[in-house]
Amino acid sequence: MKKIGFFAVMFILSVGLFAQRSVATTDNFLAAKINPAAMGYGNAGGIGFVFPQDENIEFGDKFDMYLNGENSGYLMMKNGDNYQHRITFGEGFKNLYFGYAWDWENKKFLKGDLEISTLYRPSNSLSLGLVMQDLANYKFGVAARPTFLGTKLGKRFTITADVEYQDQLVNPVIGLETELLDGFTVAGCYNLDTEKIGLNFGLNFGKLQIGSMSKITDDDNFAEPHYYVSTSDKIFPSFLRKKKSNGIYDFKVKGSVVEKKQGNKFGKFVFISDKNVTLEQLLKKIEKLKNDDAIEGIIFRKTNISASFANLVEIKKALLDFKSTGKKIIFYKETYGNIGYAFAASVADEIYLYKTGSINLRGIAINSPYIKELMDKLGVKMENFRSHKYKTAGNMFSETEMTEAERESYSYLLDGLYDEMKKMIAEGRSSKLKLSVDETIDNGPYFIAENALEMGLVDGLIYEDELAAILKDKFNNSKITKQTSGPKANTDWYKAKEDRIAVIYAIGNIHLGEGQPGRTIGSGTTAKAIRKARKDKSIKGIVLCVNSGGGSALASDIIAREVELCKDGENKKPIVALMTGTAASGGYYISAKADKIIAQPTTITGSIGVIGMLFNLEGLYEKIGVNWSSVKKGNFSDIGTTNRALNSEEKKIISESIEHIYWQFVDVVAEGRNLTRDEVHEIARGRVWTGKQAMERGLVDMMGGMDTAIEELKQLANLKNDIKMVEFKGYDKVNTYEINLGFAMQANLPTKLQMLKDLNDEMKMYENENVLMMMPKLEIK
């Protein structure tokens, strides 16, 4: 059988006759030579060689070599000692593509010739190509497919017509291209000028293509037949049906899962110094594996998915969608964390544990440090102004332990998070657990692996070297692989029209001025990004992706005003706030007036309230021997100075300011959420809620992630086409350059020290502001 296949291939190559390539259809690696505009279509990437079969020409003395990237390429044509070079570039806009080529001979680069080309594909049944070197030398081609036969069948037949103009019009070349079987192409053409016929045969084997090219002379002989071989970065329909590999993909997640990678802006440069992976990247990878026929399942082997509880919910949804195709998910780890185990339980078909491993399942808790006694020893006092007793962001400085109001608020918050955690475990493991979910958690943690197995938390205790045999036995002879099939080549000429939606990331603490990408929310940059998206006529709607515990009240209001203008100002367009891990206090303030607010059940939100924190370092200065004297004009010119305590009048001024901005906050929420002032006040007062609890109180419209936000925008803007997400940033793309360093610039500190460092950095942002909208720093474990 193998011999028959071999001789069949050799026969095709030996009799292959080259039909003239059409400028309207050639979009594989040969596009670099035939029509550079087709480089922008997406199928031309890879490496190709074309060489003659001629007894009089030594092998290697004459050939064409193609080195093509995604939309650009280099072509070298060697003929003895003569070298012709060609660089090409193609780019597409919707279904219109433009291409450029520069040709030169040997080392005469500056004396080269420019070629301009276009390709237009207004539908799956029509393609138009034009290649022009100058006004007196061009080639025009048109191609048609009988899509009335059906999309799949219609793509197998293409009729072409190409005409050249070289000082005068040349009679056209009429052609027919077919692919009766996947990967087996046969084409023919008739030149009305020379009255000659040409034929072409080719074979595709996924990423490998082979074929031959030649023409018929006047005496009906083959003239200088050429063969070609190319490898592509895309998968073309294959002549041979590849046997399903049943691979279990070894899924690795490096770093943490974040909404946007962190960066630092210095002048015109933004240095992306984050080794983490974005949620969007992770979800796209899962979607790719879902559609890969060679992948039977996923195994998470000794890898941690470090993400906020809210992002874990969205990842869980993507993995359940992956499983809906019949594919499997397996976990194998040496140790499982707390919420990490709940996540694994919610999606896994099988969970395995190292024989002496552990599962740290124990429930969830909030730990909050209080440093008042330390500050007292240092001689530092802090005036903690708060709109209400539940507004506790400053309590770590003013209290020695958790207040009753804090405990009440956090307990209710944990009720919501704990319910979601139990729900995740029950969804995937309830039928396997020995006890109820509550009892199973209360009996944890499981530091002895045999106890975890007995309780039904895992499906087996194994060493890593035993894993392959288990997968082979239980999952259809599957093998662990790190390889995927790769992207498929485009076969549809027409790419569906897309509606553009802007996505704006608001990540980190809110402050005045310019923000740092993925780290902080600057009022200037974020407001500018919203304004740019609002005024851009090609943008149909905006998703404001918020992950912030708040910050500056003034900065929050500046951003919120731009959100409001999307609804009530010029250039109106719908805006949806997507609240991810945290969107509380100022983070909720900037979301409140969006058309829709979407959150995950485990999003931390609310904290509608205001605080003010002023430090008195009088005792510290006395301890270290620093004396202060002042001269002032104006009764309150030195209000907030650190070398003395506030007097009663100054405290009154700040308290009145806190109360005023609190009611402003309440009114903004009332207007944005169509609630009364009293209704908002009842659920505000600094209380913190989960996303689900917030939805029950009218602060959130629905549960979901980015896909939900997109669907809501499509309804609000009455969009019918596919969606293209475009990130809008507050800095000028033209004059700003992003450089991805691929590593983290900051040092890793223990969690509690990192919390204090972050708090210190945060307070520096607000050094000139006394009124803040921020929630407390919570360590939820």
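Predicted model: local features only at pLDDT ≥ 70, side-chain atom pairs only at ≥ 80, totals over all residues.
Me: Why is E650 called buried?
Reply: The relative accessibility of E650 is 1%. Buried means under 20%, so E650 at 1% counts as buried. The residue lies in helix α17, which spans residues 648–673.

Me: Why is E514 called partly exposed?
Reply: E514 has a relative accessible area of 43%. Partly exposed covers the range between the buried limit of 20% and the exposed limit of 50%; the value of 43% therefore makes E514 partly exposed.

Me: Where is E514 placed, and between which strands?
Reply: E514 sits in the loop that runs between β28 (509–511) and β29 (520–522). Its C-alpha atom is separated by 5.4 Å from that of G524, a residue 10 positions apart along the chain.

Me: Why do C189 and C545 both count as buried?
Reply: The relative accessible area of C189 is 12%, and that of C545 is 2%. Buried requires a value under 20%, so C189 is buried and C545 is buried too.

Me: How many disulfides does the structure hold?
Reply: The structure holds zero disulfides. To count as one, a pair of cysteine sulfur atoms would have to lie within 2.5 Å.

Me: What makes a set of residues a nonpolar core, and which residues have the most contacts inside the largest one?
Reply: The members must be buried residues of the nonpolar kinds, joined through side-chain atoms within 4.5 Å. The largest such core has 61 residues, and those with the most contacts inside it are F251, I315, L319, F331, I359 and L457. Helix α9 (residues 404–429) gives the most to this core, namely eight residues. A second, separate core comprises 53 residues, including A555, I559, A684 and V700.

Me: Which residues does L457 touch?
Reply: Among them are Y341, I351, I359, L361 and R429, residues up to four places away in sequence not being counted.

Me: How much of the protein counts as buried?
Reply: Of its 781 residues, 50% count as buried. The protein exposes about 37,900 Å², of which carbon and sulfur atoms supply 53%. Its secondary structure comes to 21 helices and 41 strands.

Definitions and conventions:
Residues numbered from 1 in each chain as written. Heavy atoms only, no water. Helix = DSSP H or I, 4+ residues; strand = E, 2+ residues; numbered from the N terminus. Buried < 20%, exposed > 50% of the residue type's maximum accessible area, 1.4 Å probe, protein only. Areas by Shrake-Rupley, 256 points an atom, 1.4 Å probe, with all protein chains shown as cover. Contact = heavy atoms within 4.5 Å.
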